[in-house]
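Colleague: I would like to go through this fold with you, helices and sheets, then the ligand.
Modeller: Bear in mind that the model is predicted.

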Amino acid sequence: MFMSQLPTGEQKLNLSRSHALYQEAQQLMPGGVNSPVRAFRGVGGDPVFLERAEGPYLYDVDGNRYLDFVQSWGPMILGFGFPDVLDAVMDASKRGFTFGAPTQAESELARLVIDSVPSVEMIRFVNSGTEATMSALRVARAYTGRSKIVKFSGCYHGHADMLLVQAGSGVATLGLPDSPGVPRETTVNTLTVPYNDIEAIKQVFSTYPDEIAAVIVEPIAANMGLVLPVPGFLEGLREVTASYGSLLIFDEVMTGFRVALGGMQERVGITPDLTCFGKIIGGGLPVGAYGGRREIMQVVAPLGPMYQAGTLSGNPLAMAAGVATLKELRKPGQYERLEHKSQLLGDGITRVLHDTGADAQFVRLGAMFCLYFTREPIHNYADVKQADTARFASYFWSMLERGYYLPPSQYESCFLSLAQEDAQLEETVKAVESILRQQA
Ligand code: PMP
């Protein structure tokens with residue numbers, strides 16, 4: 001059994017009920033969890049069991065309160081219990097949980113996404129990001145008649161067999177180069193190249209000029225911490241894929257509606273052929289989606305021959321939460337407000353790193369950020385793997401002790417929300433500073 005590894009002298013946090021619940025959960029579910037990173041293996045301790053949340057705060061089963069920088073890994077951009085979202089879900093739930101038949105709410109959410117992201121002319125809702133990327137790649141293969149796909153090492157696109165190759169996120173935390181149970185035959189068509197390496201992409205295309213259906217990329221790589229695309233990288237992908245008749249898929253499951261209303265594609269002014277969504281578009285309920293050019297999306301059944309389906313797809317509660325969330329985000333000034341908060345935190349931490357001389361790298365884009373415990377700048381997965389995960393773990397537990405809930409892994413991005421107040425973020429900077437000074 002794992003004991004939590006709070007730094008010596010700081011074991012003030014009572015997590016006894018969490019520990020007891022975790023003992024039970026481990027008897028019932030592998031690792032006591034339903035998604036690996038939640039087990040806190042990346043920081044060497046027992047997970048915190050949460051009971052409820054409100055606005056920017058999480059409350060655990062022992063009554064501890066935390067300022068939340070995980071936000072259920074991205075969706076809760078408005079904070080918890082946002083009144084319009086809550087009302088919309090309550091109202092939808094009274095009318096029926098699921099029909100497996102068309103509802104107007106699906107068109108409403110589809111229109112909100114399509115109006116926000118110009119590259120998306122048609123969309124299909126699914127239940128998770130995994131389903132979104134898996135299906136988008138099926139579309140790409142159906143549309144191009146080609147088999148190979150290209151991904152980047154350290155990018156995670158969900159747990160479909162063909163994509164569990166040099167993936168980030170939980171796979172990185174657990175140190176699995178791959179996963180047992182994925183037959184070699186399922187990944188032979190998956191080519192992997194380093195992130196930010198446009199020459200590697202050109203080489204792959206010159207080796208397989210007529211065989212690559214699509215390149216799938218996280219336009220900001222947020223499953224190996226937070227790795228930003230170097231200038232020209234995404235532009236290069238657009239050019240190379242277009243010149244070889246291959247599709248460019250932006251996996252904006254994390255970045256969609258987070259770094260801008262129109263996602264990273266809006267920020268960089270690039271038009272992908274297909275885009276994958278998840279997280280925010282479901283307002284915290286299980287939703288994913290893939291969409292793109294009408295001409296391409298027309299291959300999807302029943303309009304076209306490519307099969308993809310889902311009993312709970314377009315679920316009324318999930319659509320209601322998504323519609324209410326996106327309506328709120330589309331109000332003027334929201335992303336400016338979010339950027340102001342993010343910058344406040346970002347500038348603060350940058351100043352702390354400068355003042356303390358800590359061997360750490362701070363990376364931020366919009367309301368996403370990551371603190372890496374390494375001296376060298378980060379451009380790809382190989383750089384990320386140089387980070388000192390033991391120092392990260394110590395930082396994680398110290399932050400938890402002070403009431404800040406961070407992702408329990410060096411390989412995950414942190415998120416800010418509109419519910420966080422400036423004063424809370426200023427306090428966060430102070431907490432980071434005191435920990436880095438102690439570590440020095
Ligand atoms: N793509 C990206 C970029 C992701 O970050 C994730 C999950 N964090 C997924 C796909 C998979 O989404 P899900 O966990 O909803 O299956």
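Colleague: At roughly what angle do the axes of helix α7 and α8 cross, and is the pair roughly parallel or roughly antiparallel?
Modeller: Helix α7 covers residues 198-207, and helix α8 covers residues 233-243. Their axes come within 10 Å and cross at roughly 15 degrees. Angles under 35 degrees count as roughly parallel. The crossing of roughly 15 degrees therefore makes α7 and α8 roughly parallel.

Colleague: Which residues of α8 make the contact with α7?
Modeller: The residues of this contact divide into six nonpolar, one polar and one charged. From α7 come Ile-198, Ile-201, Lys-202 and Phe-205. Facing them in α8 are Phe-233, Gly-236, Leu-237 and Val-240.

Colleague: Which strands stand at the edges of the seven-stranded sheet, and why is one side of each left without a neighbour?
Modeller: The sheet is open, with mixed pairing, and its order is β4-β10-β9-β8-β7-β5-β6. A strand at either end of that order has a single partner strand, so one side of it has no neighbour in the sheet. The edge strands are β4 (122-126) and β6 (190-193).

Colleague: By how many degrees are neighbouring strands of this sheet turned against each other on average?
Modeller: The figure ignores strand direction. On average the turn is 20 degrees.

Colleague: What angle does the direction of α8 make with that of β8?
Modeller: Helix α8 packs on the sheet, where it touches β7 and β8. Its direction makes an angle with that of β8 of about 145 degrees.

Colleague: In the four-stranded sheet, which residue of β13 is the bridge partner of Leu-67?
Modeller: This open sheet has the order β1-β2-β3-β13, and β13 (404-405) is an edge strand, pairing on one side only. Strand β3 (residues 65-68) pairs with β13 in the parallel sense over two bridges. The partner of Leu-67 in β13 is Tyr-404.

Colleague: Which helix gives the largest share of the shell around the ligand?
Modeller: There are 16 residues around the ligand, and Ser-128, Gly-129, Thr-130, Gly-158 and Val-253 come nearest. The shell divides into five nonpolar, nine polar and two charged residues. Its largest share, three residues, comes from the helix that spans residues 129-144, α4.

Key. Residues numbered from 1 in each chain as written. Predicted model: local features only at pLDDT ≥ 70, side-chain atom pairs only at ≥ 80, totals over all residues. Near = placed C-beta within 6 Å. Nonpolar A, V, L, I, M, F, W, Y, C, P; charged D, E, K, R; others polar. Pairing = 2+ DSSP bridges. Axes fitted to C-alpha atoms, helices over the stretch in contact; angles between N-to-C directions. Contact = placed C-beta atoms within 7 Å. Parallel < 35°, antiparallel > 145°, perpendicular 65-115°, else oblique.
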